[in-house]
Amino acid sequence: KKRKGAEMDETRRRLLRAMAFGSVGAATGLLPTWALSADARDYLAHRSQPQSRYDITIGETPISFAGRTEQALTFNGTVPGPLIHLREGDDVVLNVTNTLDESSSIHWHGFLVPFEMDGVPGVNFEGIGSGETFTYRFPLKQSGTYWYHSHTRFQEQVGLYGPVIIEPKDGEPYPYERDYTIVLSDFPSDDPEFVFDR
């Protein structure tokens with residue numbers, strides 16, 4: 001029996017709603033502000049606006065995951081980190097403060113950036129020391145969906161990653177009403193150093 005168009009649309013909405021909330025249900029208390037909503041419909045209708053400046057704090061936060069509490073490394077207190085919404089052609093400023101007791105970094109995965117802004121410690125900068133702030137500045141030369149993550153030891157594996165959307169400078173080539181940002185990941189049950197060693 002074939003479903004009618006309206007029934008298929010409702011089924012699709014339910015699926016997307018389940019994906020949006022089910023995949024992060026265990027970490028509800030740590031949802032980034034762009035994902036928080038009292039009503040699923042509000043979340044699905046949410047549309048962020050591009051900005052050219054972000055302030056990001058690297059820290060440590062306890063999270064509940066799969067029935068256990070773990071210490072996670074976080075961007076602005078959340079896993080994944082906050083959505084960074086940019087626009088092609090803009091000059092962006094990203095101030096990153098490290099509150100950890102160790103060095104850290106952010107690598108802008110897939111970005112076309114000046115060498116010294118790529119965020120790989122020991123290759124193109126020294127890293128962000130404990131208690132220090134590093135300012136990433138670069139022009140955006142592309143559009144699309146990307147992600148950012150720590151490039152220091154195994155910090156990415158224990159929470160330091162997040163999504164990036166870069167809008168085309170001339171606008172999207174097609175009309176749309178909603179953005180769906182879905183981040184798929186896992187959280188190690190063992191120390192990532194131990195996992196890597198095996």
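Biologist: How many salt bridges does the count come to?

Modeller: This is a predicted model, in which local features need pLDDT of at least 70 and side-chain atom pairs count only at pLDDT 80 or more, while totals for chains, interfaces and linings use all residues. Residues are numbered from 1 along each chain as its sequence is written, and side-chain values use heavy atoms, with hydrogens and water left out. A salt bridge here is a side-chain nitrogen of Lys or Arg within 4 Å of a carboxyl oxygen of Asp or Glu. By this rule, the count comes to four.

Biologist: Which residue forms a salt bridge with glutamate 70?

Modeller: Relative accessible area (1.4 Å probe, protein chains only) is called buried under 20%, exposed over 50% and partly exposed in between. The N to O distance of the pair is 2.5 Å, and the partner is arginine 68.

Biologist: Are arginine 198 and aspartate 197 buried or exposed?

Modeller: The side chains of these two residues meet in a salt bridge, at 2.6 Å from N to O. As for accessibility, both arginine 198 and aspartate 197 are exposed.

Biologist: What is the relative accessibility of aspartate 55?

Modeller: Aspartate 55 forms a salt bridge with arginine 53, with the closest N and O atoms 3.2 Å apart. Aspartate 55 counts as partly exposed because its relative accessibility is 44%.

Biologist: Where is isoleucine 182 placed?

Modeller: Isoleucine 182 counts as partly exposed, at 38% relative accessibility. Its place is in the loop between β8 (161-167) and α3 (192-197).

Notes
Helices (H or I, at least four residues) and strands (E, at least two) are DSSP runs, numbered from the N terminus.
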